[in-house]
Amino acid sequence: MSSTPQQPNPEPKEEPNPEPNPEPKEQVKEEVKPEQKEIKNEETKEEKKEEKKEEKKEEKKEETKESWKDFIYNPRTGEFMGRTASSWGLILLFYLVFYGFLAGMFCLTMWVMLQTLDENVPCRQDRVAHPGLVIRPHAAEISFNRSDPTNYNDYIQQLHELLQRYNDSIQERNDLCLVGEYTEQDDEPIKKVCQFKRSTLRQCSGLPDTSFGYAEGKPCIIIKMNRVIGLKPQGDPYINCTAKRDSPLQMQYFPSEGRLDKMFFPYYGKKAHPDYVQPVVAVQLLLTKEDYNVEQTVECKVEGSDLRNNDDRDKFLGRVIFRIKVSE
């Protein structure tokens, strides 16, 4: 019998047990640690920076306090506000002398200028060489109902107030002057005033008729010329009024013919002539029933002299225009 040779059993291969590899863990640890260190380093750096900033701020505050204290008063140098006592004394002395000199120059120039001026006459009055005219009641449009006194009470009040200084009892204290002659008083220290009695305005004086004709529908308008110092109109000035319509409007003047007598000229100024009253002219409009409820345009001019009354640039130079409307 043949015997087969027995093959030796192959020895089982021993598989190596997988052992944990410690190297990766160490690598992870090594990788994590540097990052944490960097973060901590950055945080510490920032904290240090903030601490430094705070320290700098505190140092600056202390420095500013010390600098302000030193600026107000420095005990080391004895300076007050950056200057020593001698420096302050010199600069104050300089400004005292400088501004004193300026004040003296100003006072001297003012004194010299005042010596050239006349306290009674303006140095320049070429722009008012010709006077303007104004009316009372002071209104460009006069409108009222003659049956209702409340409509014209304001107008009457203005006329009464204007004529208070012309009351006969006051004017009798003034002088009687020569009619038609200038009252020149250049050399007299006290200027006399010529009489202009309120009673010379007659129906428009407010004495016989306290309503100045407004209750009857025949209103009075008082015209006066502005004062101009030294004015002596040539000729015989008078006031003339015309209505701008086809038919003439009946009017009556007080004083007669609307004259502005020469005896009231010249005027010497408010200081030299304190009680002066300029002449006035009253115009009564004799309206009829046909004139009621119709607006009347009236223009008054100073005529008969060299006073200008036709300057288109100044509509009140030597003339005045007003409108009046009376209703029943």
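Here are some questions and answers on a helix, a sheet and the disulfides of this predicted model.

The model is predicted, so local features need pLDDT of at least 70 and side-chain atom pairs count only at pLDDT 80 or more, while totals for chains, interfaces and linings use all residues. Residues are numbered from 1 along each chain as its sequence is written, and side-chain values use heavy atoms, with hydrogens and water left out.

Q: At which residue does α3 bend?
A: A bend is the angle between axes fitted to the seven residues ending at a residue and the seven starting there. In α3 that angle comes to about 25°, and the residue is Y155.

Q: Which strands are included in what covers the buried residues of α3?
A: Buried means under 20% relative accessible area, with exposed over 50% and partly exposed in between (1.4 Å probe, protein chains only). In α3 the buried residues are Y152, Y155, I156, L159, H160 and L162. Contact means heavy atoms within 4.5 Å, and the cover includes β3 (133-136), β4 (141-145) and β5 (220-225).

Q: Which strands stand at the edges of the sheet?
A: Two strands pair if DSSP finds at least two bridges between them. Four strands make an open, antiparallel sheet in the order β3-β5-β8-β7. Each edge strand has a single partner, so one side of it is left without a neighbour in the sheet; these strands are β3 and β7 (251-254).

Q: What angle does the direction of α3 make with that of β5?
A: Axes are lines fitted to C-alpha atoms, for helices over the stretch in contact, and angles run from 0 to 180 degrees between N-to-C directions. Neighbouring strands of the sheet are turned by 25° against each other on average, direction ignored. Helix α3 packs on the sheet, touching β3 and β5, and its direction makes an angle with that of β5 of about 40°.

Q: Which residue in β8 is the bridge partner of Q252?
A: Strands β7 and β8 (residues 280-285) pair in the antiparallel sense over four bridges. For Q252, the partner in β8 is Q284.

Q: Is the disulfide of C177 and C194 left-handed or right-handed?
A: A disulfide is counted when two cysteine sulfur atoms lie within 2.5 Å, and these two are 2.0 Å apart. Both C177 and C194 are buried. The torsion about their S-S bond is about -95°, so the disulfide is left-handed.

Q: How many residues apart in sequence are the parts tied together by C204 and C220?
A: C204 and C220 are both buried, and their torsion of about -75° makes this disulfide left-handed too. C204 lies in the loop between α4 and β5 and C220 in strand β5, so the parts tied together are apart by 16 residues.

Q: What is the handedness of the link of C241 and C300?
A: The sulfur atoms of C241 and C300 are 2.0 Å apart. The pair joins strand β6 (residues 235-243) to strand β9 (residues 296-305), 59 residues apart. With 110° about the S-S bond, the link is right-handed.

How values were computed
Helix = DSSP H or I, 4+ residues; strand = E, 2+ residues; numbered from the N terminus.
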